Structure formats: structure tokens, C-alpha cells
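Please keep the sequence and the structure in view while reading.

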Amino acid sequence: MIRYLAGRALALMLTLVAASLVVFAIIDIAPGDPAAYMMGLNADPAAVAALRTELGLDGSLAQRYVDWAGGLLRGDLGVSYTYRVPVSELVAERAALSIPLAAIALVLSSSLALGAALLAVSKRGRPTETTVMALSQAGVATPNFWIALLLVLVFSTTLGWFSAGGFPGWDAGPVALFRSLALPALALALPQAAVLTRVMRSALLDTLNEDYMRTARAKGLSQWAALTRHALPNAMIPVLTILGLQFSFLLAGAVIIENVFYLPGLGRLVFQAIVQRDLIVVRSVVMLLVFAAVAIAFLVDLLYAAADPRLRRPA
Amino acid sequence: MNRALILGAALSGAAILAALVSLAWTPYDIAAIDVARAFSAPSAAHWLGTDHLGRDVVSLLLAGARTSIAVALVAVGIGIGIGAPLGLLAAARGGLIDEIIMRANDMVFAFPALLLAILLTAVLGPSGVNAMIAIGVFNVPVFARVARGGALALWRREYVLAARAAGKGGFRISVEHVLPNLADQLIVQATIQFSLGVIAEAGLSYVGLGVQPPDASWGRMLSESQTFVFLAPWLALAPGLAIFATVLGLNLMGDGLRDALDPKQRADR
């Protein structure tokens, strides 16, 4: 177990170092001078030179990387060029929206998928299963921003039940919060739920032929009880892996969905920073999102090891 | 022949046909702006109406198919072209080379792909070519993994042992014996990555990082329609349906091909 954990932790470190090198390289070695890029075409050369110093562009490539990565490790993400406040403040403010949104979407998609997969497997070979599978096939093929647009079209433009965008702030009360977050969470969750349904269904089907399922039925459990008590816990192992991977899709999805609904989250922060050429914000926030995705994948690996005793022993 | 394959081929075939037709002809010029005609509802002259600049939606859809297919196709080409040889090399050589290639792949896998694609296109500058590169990079580890997994199994087969006994080297065996037997799996994977590429291209264009005007893109049509969703709701339907039908078609085709080529791996047992 210790060896397995150490191996995974080492892989995590290496991935993060590689990721930071890639993010650094994309921004730093990109065509042209970052300072000139940030200030635009008509910039005053003196201002560009000042920004170059502020960005630490006068140092060597290695020195710049060490400065930036060292700052990240100390929790110093730099100072935003457009907002003139520490990036860590911006991140904390925006994450307060993005993390709950992603969490709601994750819970929503897993519960939808769980229900749909159990329904499909318990009604095997009947029209219910065909319908569930057709819906999931359709869900996989629908981009989340189109779902978002359709939801806005139906539930806010036509019916007026939910807001078409914007965020009232956390003090606005539960009703206003629900009206503003329900559609984005649903738009993020539905395509993920479709993917998860397919994975859960096939994981459940795999368990149906196992001896313990036959025993469960033989001792008199109903199909449904056998499914939920015995098949489900065993089917969760592959599902967990996909769930970990999905978090990274949720993060990327948030960039787009937060833009659709004008929600001031991390995704919108990155996107606005890209548009405003605020490379300091872009670099640190992208690295933070990559860190979150990699860390979640690592946690899933740990859960996986806890759930499957075979993985604890070195092969 | 299975039904999924036929339906899938029909849907994706329609998108490819639309892309090909648009090369030679569209009902109206997609670069022709006529604000007086803006927001016409669907009619005999404009079957799906016109957008906020008075451009014909049918023409934009046809030209958008071309962008979608071209970007996804090149991205798949980058993935197969780099990923498959890497996977074959990893399987043929094993040891340290295998370890390095596969660990590098794991790292690319761990990244939030669309996020980095957004970053890449933002820094390189938004364009169709940069979208192809950004999406293609993330196809590389997928194909490397499929090629390596399949190749490892093939390396244990008798005909490969026979080829080795006959004195063929790792490169010749990979090209002459392993690759042809891997083609099925690579084709199925290519269909899946093609469909992901269509969604990714639409996503990039949606946030303004795909092809630039006057080139048309389904993703940008959707983002433009969003501004006018109160005024002309029909504009939000056609491009979304086009993406949906193309992706659905490619996914069905992938499932169908997998069943047809390898009955042992059927999706719906």
C-alpha cells in the first residue's frame, strides 16, 4: 500500500512539474514579447519596458520559471495586470462560485446517471431500457453550451422561471440563488450524466453474471434489492475513475457555461483574462485548474485503492 | 449490417456531403452582408431565415459543416499520425522507451483538454489552423494508448513470432504485421475522436477562438444567436441541431463499427 501510494504521489508531482512547464512555455515562449502582447499595438515603449521588469522578463528563461513556480508554491500567484489586485484574491472570490457550481453539477449528474442506469438494467430488454439508452446517446452528442442556450430559450425567455444570466451574490437569498444557478448547473450536468449513465450501466451489467449476484437472487432478494445492495457497490469502482476524469471536463465546461450565463466564476475569469491579455492571471489560474484536476484524479486513485484490495499489493 | 452503423453513416455522411457541397456552392454568398434583410424568419427564399447580418442560415450551415469536418479531420490526423507510431514504438521496444512514452501520455491525459486548447488558441491567436493543432495535441495520447494496447497483444501472436524468427526487425514487424491488424481498432477510435473534435471545434468557436469571419462555424453561429435569442429564437436551433446530428452520427458509427469489426467487444451485451 505504501509503495503504491508513494508511486502515485511521485507521478502526481511529476505531472504537476510537467504541467507547469507546459503552461509556462505556452505563455512565455509564445510568438512575440508577452509585455508587448499584453499592452497592445500602440503601447508606449517605456511602459512596455516597465511591464517587462514587472513581469521579470529581463531574467533568463530558467530564472523566470523558477520565480513563477516558486511563487506558486508559496501561494503567491502574482498581481493581476488589469485588476491591479493579487491574483490569489481574484481566485478566492471567483472560486467561491465555481466550486459550488461544479459540485452541484457533479451531484446532479451522478444522481441522474445512477437512477437512469439502475432503471435501464432493472428493465433490461424492455422499451424503458431502449429509451434510457437513446436519451443517453442523445445527451452525449449535445454540446453543453447548446443545452444551456435551449434551457435559456425555454425556461427564461419563454416561461420566465429562471434568470437568463448573471449572479445576484450569495446574500441574495435561496430563491434568487436557485433561479440563477439552476440552469447553469443543469447545462453542465446533463451531458456528463449521459456519459456516466452509459458507464454505470455497462459496469452494472458486468456484475450481473457474478456468483455473488446469483447467490443474492438465490437467497430470495428481489432483482432491485440485489442490484442496489450487491451490484452497485461493485460497479462503483470503474464509475469512480470516470467521475475523477469528469471533474476535468466540468472545469473546462465551466469556462464555457460561466460565459453563457455571465457568472463571475473562475472560468469567466480565465476567459476575460485571455481577452484582456492579462497573462499573469491566465498563467496562474490555468495552473491552478490543472492542479485541481490532477489532484482530484489522484484522490480518485486513492479511493480506488481503498475500494479494491487487489490494488494495494504491489503487482 | 447493424442499424446503428447505417443510421450513423447516414447522419455523418450528410454532414460530409454538406461540407463538400459548400466547397462548390452555397445558396447565397456567406460573406455578403445585407443588414436590411437581417432576422428574416424562415421563408421560401431563406429556408432557415437570416441572421443578424442578413446572411442566409442555410448557406452558413453548409459552410460551417466544412469548418467542423476539416478541423476535426485534421485533429484526428495529427492524433493518428503522431500517436499511432509512438504507441507502436512503445510496444515494440518496451522497457524505458515504453515507460517514457506512456508516462508522457498520462500527463497529457491529466490536463483539462478543452481548457488548454482554449489557452493554446488564445496565445497562438484564434484561427482554424490553431484550433486543429490544439485539438490534435490531445488526440495523440488517445491513439498512442490504443496502438500500444493492441500492439502488445499482437506481439505475442504466432505470426509475429514467425516474423521475428525470420529475422525481421521491430520496425518492419510493426509496419507489416502489427499495424494492419490494428487498423480496426484505430478506425473505431478515429470515429470517436472525430466526434469529440466536432464538439471541441464548436466549443472553441463558441468562445470566439475558432475560425474567424468570414469563415462560418456552427459554434460561432450559436454564440451569435445567443445575443438575439429574444428577437430570433430560430437562429439558436439550426446550428445546434447540425452539431447534434453530426456528433450523434459519428458516435453511432463508432459503436456500429466496433460491433461489426469486433463482435467480442459489443457495447450492449
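A:R124 counts as partly exposed, because 13 other C-beta atoms lie within 10 Å of its own. On the scale used here, a residue is buried if 20 or more other C-beta atoms lie within 10 Å of its own, exposed if 12 or fewer, and partly exposed in between, with the C-beta atoms placed from the backbone. A:R124 sits in the loop between α5 (87–122) and α6 (127–140) of chain A. Helices (H or I, at least four residues) and strands (E, at least two) are DSSP runs, numbered from the N terminus. The C-alpha atom of A:R124 is separated by 9.6 Å from that of A:L205, although the two residues are 81 residues apart along the chain.

The model is predicted: local features need pLDDT of at least 70 and side-chain atom pairs count only at pLDDT 80 or more, while totals for chains, interfaces and linings use all residues. Residues are numbered from 1 along each chain as its sequence is written, and chains are lettered from A and ligands numbered from 1 in the order in which they are written.

Chain A, to which A:R124 belongs, contains 12 helices and 0 strands. Its C-alpha trace spans about 80 × 60 × 35 Å along the principal axes. Of the 315 residues in chain A, 37% are buried. Two residues are in contact if their C-beta atoms, placed from the backbone, lie within 7 Å. Among the contacts in chain A with a separation of 6 or more, 68% are between residues 24 or more positions apart.

How is chain A divided into domains? The domain assignment gives domain 1 (2–74) and domain 2 (94–312); such bounds come from an automatic or database domain assignment. The C-alpha centres of these two domains of chain A lie 32 Å apart. Where they touch, 13 residues of domain 1 of chain A are in contact with 16 residues of domain 2 of chain A. On the side of domain 1 of chain A that touches domain 2 of chain A, α1 (2–28) and α2 (34–39) of chain A each supply at least two residues. The most comes from α1(A), with 9 residues. That side of domain 1 of chain A has 10 nonpolar, 2 polar and 1 charged residues. In this classification Ala, Val, Leu, Ile, Met, Phe, Trp, Tyr, Cys and Pro count as nonpolar, Asp, Glu, Lys and Arg as charged, and the others, Gly among them, as polar.

Chain B is built from 9 helices and 0 strands. Its C-alpha atoms fill a box of roughly 75 × 45 × 35 Å, taken along the principal axes. Of its 269 residues, 51% count as buried. Considering contacts in chain B between residues at least 6 apart in sequence, 72% join residues at least 24 apart.

The two chains meet in a contact that takes 31 residues from chain B and 35 residues from chain A. On the side of chain B that touches chain A, α3 (95–110), α4 (113–124), α7 (170–206), α8 (218–227) and α9 (238–261) of chain B each supply at least two residues. The largest share of this side, 9 residues, comes from α4(B). By class, the residues of the side of chain B that touches chain A divide into 26 nonpolar, 4 polar and 1 charged. B:L115 illustrates the contact: leaving aside its neighbours within four places in sequence, B:L115 is in contact with A:L251, A:A252, A:V255, A:V286 and A:L289.

The confidence of the prediction remains to be described. The model scores ipTM 0.85 and pTM 0.86. For single residues, pLDDT is the predictor's confidence, from 0 to 100. Chain A averages a pLDDT of 83, and 95% of its residues score at least 70. Among the elements of chain A, α2(A) has the lowest mean pLDDT (72) and α6(A) the highest (91). The mean pLDDT of chain B is 87, with 96% of its residues at 70 or more. Among the elements of chain B, the lowest mean pLDDT (77) belongs to α4(B), and the highest (94) to helix α2 (residues 57–93) of chain B.
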